[in-house]
Structures are given as C-alpha cells and as structure tokens.
Amino acid sequence: MKPAGVLVANCDPKERAFSFGRELLSSSLIRNAGWMFGGQVASFGVQAAYFIVLARLLGRTEYGILAGAAGLVNIFSQYSGMGAGLLFLRYVSPDHSRFREYWGNILLSVGIAGTLAITVLVLFGKVLVGRAASGSILILLALGDCFCAQLTSAAAQVFQAFERMRVTAGFNFLTNVLRLLVALAMTLSIRRASAWQWALASLAVSTMACLLAIGKVTREWGPPSFSLRLFFRRLGEGFTFAVSGSATTIYNDVDKVMLGHYGFNAANGIYSMAYRIVNTATMPISSIHAAAFPKFFRDGIRGLRSTAALARKLLRGTTVLAVSAAAGMFLFAPLLPSIAGRDFTGSIAALRWLCLIPLFRCFHLSAGDALAGAGYQKFRLASQLVAAGGNFAINLVLIPKYSWLGAAWASLLTDGSLGMMQWGWLIFLRAREEDIPESAELSLPLSSPTNVL
C-alpha cells in the first residue's frame with residue numbers, strides 16, 4: 001500500500017485543490033486572517049470615503065504639505081516604541097504568562113523613546129521637510145504618531161499575540177471611523193481646511209483611539225508591571241526592530257519628504273494620493289501576514305525550515321491577490337479625478353506607475369517574516385537598510401529632475417530589489433542550515449540565531 005502522502009500527490013488535481021481548500025478553511029491562520037481581512041474590508045469603505053473627503057477638504061497642495069510632514073514623522077516615530085510591540089509578539093506569543101512585564105515594557109519604551117523622537121523632530125524637522133510645513137504641524141503630527149498611534153498599534157499587537165485578531169482589526173476600524181467623522185464634520189462646517197487644521201484634528205482622533213485601546217488591554221489582561229532592567233535588557237533587540245521599521249518607512253515615505261523639501265507640494269499631493277490607494281489595495285496581503293506573524297515566531301523555534309515553508313505557502317495566495325489588485329488599479333485609475341476631485345487628475349498616471357508595488361511587497365513580506373520568525377532579523381534589516389539607502393540615493397537624483405515620476409521609478413526599483421534580496425537571504429540561510437549536522441543543530445540553544453542581534 002502506498003503512503004497517504006503519495007496517494008494525495010497522485011490524486012486528481014481537482015481533488016487536491018478541494019483538499020487544500022478544506023485544510024485552509026479549517027486552520028486558525030485562515031480564521032485569524034479572515035478577521036483581519038474582514039476588519040480591513042469593513043475599514044476599506046470607511047477609509048476610501050475618508051481619503052475622498054480629506055482630499056476634497058485639503059486640496060492638492062495642502063494635501064501634499066501634509067503628506068511631506070507626515071512622511072517625516074512616520075520615519076522618526078518608528079523609534080518611539082523601540083520595537084516594544086514586536087518584542088511583545090516575540091516573547092509573549094509562545095508564553096502568555098509574560099504579558100504584564102512586556103506590556104509594561106511597551107508603555108515604558110513609548111514614554112522614554114517617544115519623548116526623544118518628538119524632541120528631534122521639533123529641533124530638525126522643519127529643515128528636512130521644507131518651508132511649507134510649519135513647526136506646529138510637525139509637533140501636532142509627532143504627538144499623534146510618536147505617542148498615541150504607537151500605543152494604539154502596540155495594543156493591537158497585544159491582541160495579535162493572543163490571536164485575538166477580531167479585536168486587532170477593530171482598533172484599525174475604529175480609528176478610520178473616527179477620522180472619517182472628523183473629516184466630514186470639518187467639510188460641512190468650514191469646507192476647506194489647511195494642513196495645520198487637519199493635523200490638530202488628527203491629534204484629537206489619535207488621542208481618543210489610544211485611550212480606548214489602552215483601556216481595552218487593561219480590562220482584558222490586567223495592569224502592567226514596569227521593569228527598567230527588562231527595558232535595558234531588550235533595548236538592543238528592540239532597537240533592531242525599530243531600525244527595521246524605520247528603514248521600511250524610509251523607502252515608503254522619504255520620497256514624499258523630499259518632494260516637500262524641494263517645494264513640489266502639488267506634485268506631492270498627486271503622488272501621495274496614488275500611493276494611498278496602493279497601500280489600501282495591499283490590505284488583503286497585509287491582513288494575511290498580520291495573522292501569520294505570531295505563527296512565524298512559534299515555527300521559528302524549529303528554524304528556517306519551518307518558517308520558509310510557511311512563507312512559500314503564503315506567497316502562493318498573496319501573489320494572486322497582488323496581481324488582481326494591480327490589474328484593478330491600472331484599469332480603474334481614470335475614475336480617480338471624479339472621486340477625489342479634479343485637482344488629482346495627475347494621480348491617474350501616478351497610480352498606473354505604482355500598481356505593481358503590491359506584487360513586490362508580497363515577496364519581501366513573506367521572506368522577511370520568515371527570517372524574523374527564525375531569529376535572523378539582522379539579515380532582514382540588512383536588506384531593508386540597503387533598500388532605504390538606495391531609495392534615498394535614487395530619489396536624490398530623480399526627484400529634482402522628474403518630480404513625482406522620479407519618486408515612482410525609485411519606489412518600483414526599491415520594492416522589486418528588496419523582494420529579491422529577502423528571498424536571496426532566505427534561500428542562502430536555509431541551505432546553510434541544511435549543512436549543519438543534525439547532532440550539532442540539536443546541541444544549539446533554541447534562541448541561538450537571536451543572540452547575534
């Protein structure tokens with residue numbers, strides 16, 4: 001009699017597909033991804049309406065000013081949590097009893113590092129982002145991002161670690177609803193707003209969402225415990241996660257900062273609107289990876305063999321989603337001006353240039369999560385730093401000459417090359433693990449890859 005695996009391999013393709021689909025539907029990963037995707041689908045309509053209302057409220061130029069300032073704040077805000085949310089995922093996902101100390105570490109990290117990040121933005125931000133963005137805009141956005149948004153995001157990661165994706169998705173939905181309501185209220189009352197006025201309104205929304213998120217975590221799991229010893233013990237590893245997040249934000253947002261710096265505020269509005277649509281179209285892919293992230297850390301105890309298998313499994317599904325999203329954005333791009341306003345007619349071409357980015361992202365997200373889950377975050381970070389530096393250099397050459405079109409070319413080159421680098425590292429390190437004798441591998445401590453961070 002043939003083994004069961006051989007029978008499945010030799011069965012009819014339709015039967016194999018049905019079996020594979022039944023396995024997916026019964027898995028906790030798909031259920032969690034379903035909650036994340038369901039929450040993001042619910043947020044999709046709200047977020048789309050919010051983008052439309054905000055675009056009409058601000059207009060192309062003020063929207064561009066806001067995008068440049070927000071891009072700079074996003075880069076620095078990654079350091080305001082010092083990776084504490086990801087540390088929570090890494091250490092509490094396998095051991096839920098460590099909740100209190102790592103939740104306290106999140107609050108402590110945001111309090112200390114967030115203050116430093118805001119100070120740096122206040123001192124140097126205006127020089128980097130250009131004259132159009134006043135210092136008060138940067139302060140308002142920094143308070144909202146470096147404190148409030150970081151804590152809200154970390155609270156979502158707490159529920160992610162406990163695989164309570166329904167609550168995680170709920171936080172995102174709540175924030176989008178609040179932003180939409182405020183944007184509608186401002187549109188009805190004042191019709192047109194400045195970037196500063198929206199920054200103030202955004203801070204109020206972020207503060208409300210943050211307080212609700214912290215309250216929800218406290219009610220569900222109890223109060224935190226604070227330990228400076230834990231903060232300093234995990235500072236190096238957390239800094240690695242923070243640099244990784246900052247590198248990601250650099251190659252996603254530095255182009256908007258540079259467009260603002262060179263005074264291309266109207267072009268920045270065109271480009272940023274298209275980029276927001278790309279980010280929205282990537283939501284299904286992000287949902288799947290958010291649901292799978294705790295599993296990457298659990299499987300990572302067994303090394304890259306397990307995390308690489310999970311990455312390949314995810315990639316098969318996310319590639320289909322990415323190709324569908326790219327086709328949809330290319331075909332329906334001409335509808336954008338009638339929705340967001342005639343100010344954004346130029347966004348049609350920008351969106352068509354950027355439509356392949358979701359495809360590139362599903363490659364570097366899958367390989368990057370596999371590396372991080374197995375404790376090889378430093379290799380992921382190396383790729384991200386190269387991508388960030390390359391993106392900055394390309395934008396430095398192209399943006400002064402080609403405005404937003406140069407930024408679009410730089411984004412395509414960056415995301416495409418990052419996907420190749422991440423999978424290159426994964427294949428190389430996976431092969432290196434195969435070369436380690438089984439007895440030697442068993443003698444290593446489970447956390448050995450992490451010790452080199």
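Biologist: What should I know about the model before I start?
Modeller: It is predicted, so local features need pLDDT of at least 70 and side-chain atom pairs count only at pLDDT 80 or more, while totals for chains, interfaces and linings use all residues. Residues are numbered from 1 along each chain as its sequence is written, and side-chain values use heavy atoms, leaving out hydrogens and water.

Biologist: Which residues have the most contacts inside the largest nonpolar core?
Modeller: In soluble globular proteins, nonpolar side chains tend to be buried together. A nonpolar core is a set of buried Ala, Val, Leu, Ile, Met, Phe, Trp, Tyr and Cys residues joined through side-chain atoms within 4.5 Å. Buried means under 20% relative accessible area, with a 1.4 Å probe and protein chains only. Here the largest core has 64 residues, and Trp198, Tyr271 and Leu354 have the most contacts inside it. Helix H3 (residues 28–77) gives the largest share, 15 residues. Helices are DSSP runs of H or I, at least four residues, numbered from the N terminus. A second, separate core has 29 residues, including Phe88 and Phe293.

Biologist: Is Glu237 buried or exposed?
Modeller: Glu237 counts as buried because its relative accessibility is 9%. Glu237 lies in helix H10. Its side chain joins that of Tyr91 through a polar contact of 2.6 Å. Such a contact is a pair of N or O atoms within 3.5 Å; within protein, one must be able to donate a hydrogen and the other to accept it, and residues adjacent in sequence count only if both atoms are side-chain atoms.

Conventions
Buried < 20%, exposed > 50% of the residue type's maximum accessible area, 1.4 Å probe, protein only. Helix = DSSP H or I, 4+ residues; strand = E, 2+ residues; numbered from the N terminus.
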